[in-house]
Amino acid sequence: MSDRKKIDLKARLGKKTVSAGPSIPPPVGIPKPAGIPVPAAFGTPSQPARPRVDASDPYAAIPAQHAPVARPQAIQIEMSQEVVDAQKRGRSKVLLLAGVTALIGGGIGVTLGQSLEKSGRQETALIGASELSKEVNTANAEIEKLADILKRAKVALGDNKYPEKEVTELGGLNIPFDGSNLAGKGIGLFNKATVAMLVSFAGGTTDANDQKDRLHSVLGGSKKAIEDFLSQQTKPKVRWSAFVTTGPGGPWATMQMLPTPFLATSTEKDKDGKAYAWPEEFKIKDGDSTATLKRYTSGEPGGSEPKIIPVDPTSEAGVCPDAVLVRLRSEIGKLEDTLRGDKTPGDEKDGLIDTGRVLLDKLKEIGGPEA
């Protein structure tokens with residue numbers, strides 16, 4: 001039949017055999033197929049079973065109940081094209097619903113996964129805030145210690161004393177905080193103000209450590225020059241002089257460092273018991289030769305034989321500052337600004353001490369009071 005298709009129910013249902021059971025009525029409007037033997041189980045119960053008789057079979061007289069059981073046959077049902085199309089439409093609807101369900105389930109899975117991922121990041125941020133609180137607290141203690149060392153070193157220098165102890169302490173101190181402390185702490189979930197303060201704090205601690213190392217290098221590597229400068233404050237020595245010669249437009253002074261500095265003043269007496277006096281003459285090297293110049297005392301300072309005029313030692317630092325002293329003042333000033341900030345009106349800037357305290361409070365708010 002060209003308009004009908006045979007459907008194998010055994011293949012559709014995935015069964016090997018069709019066992020005995022209730023009768024399966026044919027679809028409405030489809031005539032019952034002819035020539036299909038009705039299994040015994042579907043027969044009328046009141047009719048007795050009949051013996052199988054076959055002239056060619058020597059065992060034909062054996063009762064049916066003792067005969068070998070026939071293997072059930074596959075039942076094939078012919079269905080119209082309309083029924084087949086309806087079933088296809090039904091299957092398509094089921095597949096569509098299954099697809100929608102899968103998409104919904106997949107969406108729920110993605111949302112749940114994102115939620116779990118967000119929850120994990122939040123947990124990382126909370127733990128990170130707690131760890132950062134401890135690290136910032138440790139760094140703050142070292143910052144306070146560094147500020148104290150710097151203060152004591154300035155006091156010693158102001159008293160014209162070399163800060164021996166403070167130089168040793170500077171060499172063994174380091175603020176244990178930098179940009180690497182921010183890695184893996186989930187700071188991306190912190191508010192912007194806290195993140196900016198963390199970055200600023202890490203940069204400030206790095207600068208402070210570098211400045212501390214440079215200051216330690218100046219103090220430790222230029223000890224003699226610093227001690228000479230400090231001695232100048234209590235026992236000033238004349239180191240520079242000038243002598244007058246004829247210049248292009250008239251007399252002018254030429255600067256000359258003295259070969260041997262001498263005390264500007266002293267209460268000591270010389271070996272002969274005389275009161276202290278400045279040297280009368282100085283041997284000044286001029287290339288390969290040495291010239292002996294007298295100290296100017298009165299009269300014309302110039303002439304064919306120039307005379308040495310001592311320079312007030314208290315004016316040296318302002319006119320010819322020592323490179324070591326200039327660097328020392330610079331490094332002390334930079335480090336102090338980094339630690340304590342700038343309080344100049346209009347140019348206010350927080351230092352590490354203030355920033356560290358505020359930052360610690362903000363981190364404790366994120367990580368909890370136990371942080």
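**Helix H7 and its partners**

Visitor: Why are H4 and H7 called roughly antiparallel to each other?

Guide: The axes of helix H4 (residues 192-221) and H7 come within 9 Å and cross at roughly 155 degrees, where axes are lines fitted to C-alpha atoms, for helices over the stretch in contact, and angles run from 0 to 180 degrees between N-to-C directions. Angles over 145 degrees count as roughly antiparallel, those under 35 as roughly parallel, 65 to 115 as roughly perpendicular and the rest as oblique, and H4 and H7 are therefore roughly antiparallel. This is a predicted model, in which local features need pLDDT of at least 70 and side-chain atom pairs count only at pLDDT 80 or more, while totals for chains, interfaces and linings use all residues. Residues are numbered from 1 along each chain as its sequence is written, and side-chain values use heavy atoms, with hydrogens and water left out.

Visitor: Which residues make the contact between H4 and H7?

Guide: With contact meaning heavy atoms within 4.5 Å, H4 contributes residues including Gly204, Ala208, Gln211 and Leu215, and H7 contributes residues including Val324, Leu328, Leu335 and Thr338. By class, this contact has 9 nonpolar, 3 polar and 5 charged residues, where Ala, Val, Leu, Ile, Met, Phe, Trp, Tyr, Cys and Pro count as nonpolar, Asp, Glu, Lys and Arg as charged, and the others, Gly among them, as polar.

Visitor: What makes H5 roughly perpendicular to H7?

Guide: The axes of helix H5 (residues 223-234) and helix H7 (residues 323-340) come within 10 Å and cross at roughly 90 degrees, which makes H5 roughly perpendicular to H7. In this pair, Ala225, Ile226 and Phe229 of H5 meet Val324, Leu325, Leu328 and Arg329 of H7, and the residues of the contact divide into 6 nonpolar, no polar and 1 charged.

Visitor: How do you know whether Thr338 is buried or exposed?

Guide: Thr338, which is found in helix H7, has 16% relative accessibility and so counts as buried, since buried means under 20% relative accessible area, exposed over 50% and partly exposed in between (1.4 Å probe, protein chains only).

Visitor: What joins the side chains of Thr338 and Gln211?

Guide: A polar contact of 2.9 Å joins them, the term being used for a pair of N or O atoms within 3.5 Å, of which, within protein, one must be able to donate a hydrogen and the other to accept it, while residues adjacent in sequence count only if both atoms are side-chain atoms. Leaving aside neighbours within four places in sequence, Thr338 is in contact with Gly204, Ala208, Gln211, Gly351 and Leu352.

Notes: Helices (H or I, at least four residues) and strands (E, at least two) are DSSP runs, numbered from the N terminus.
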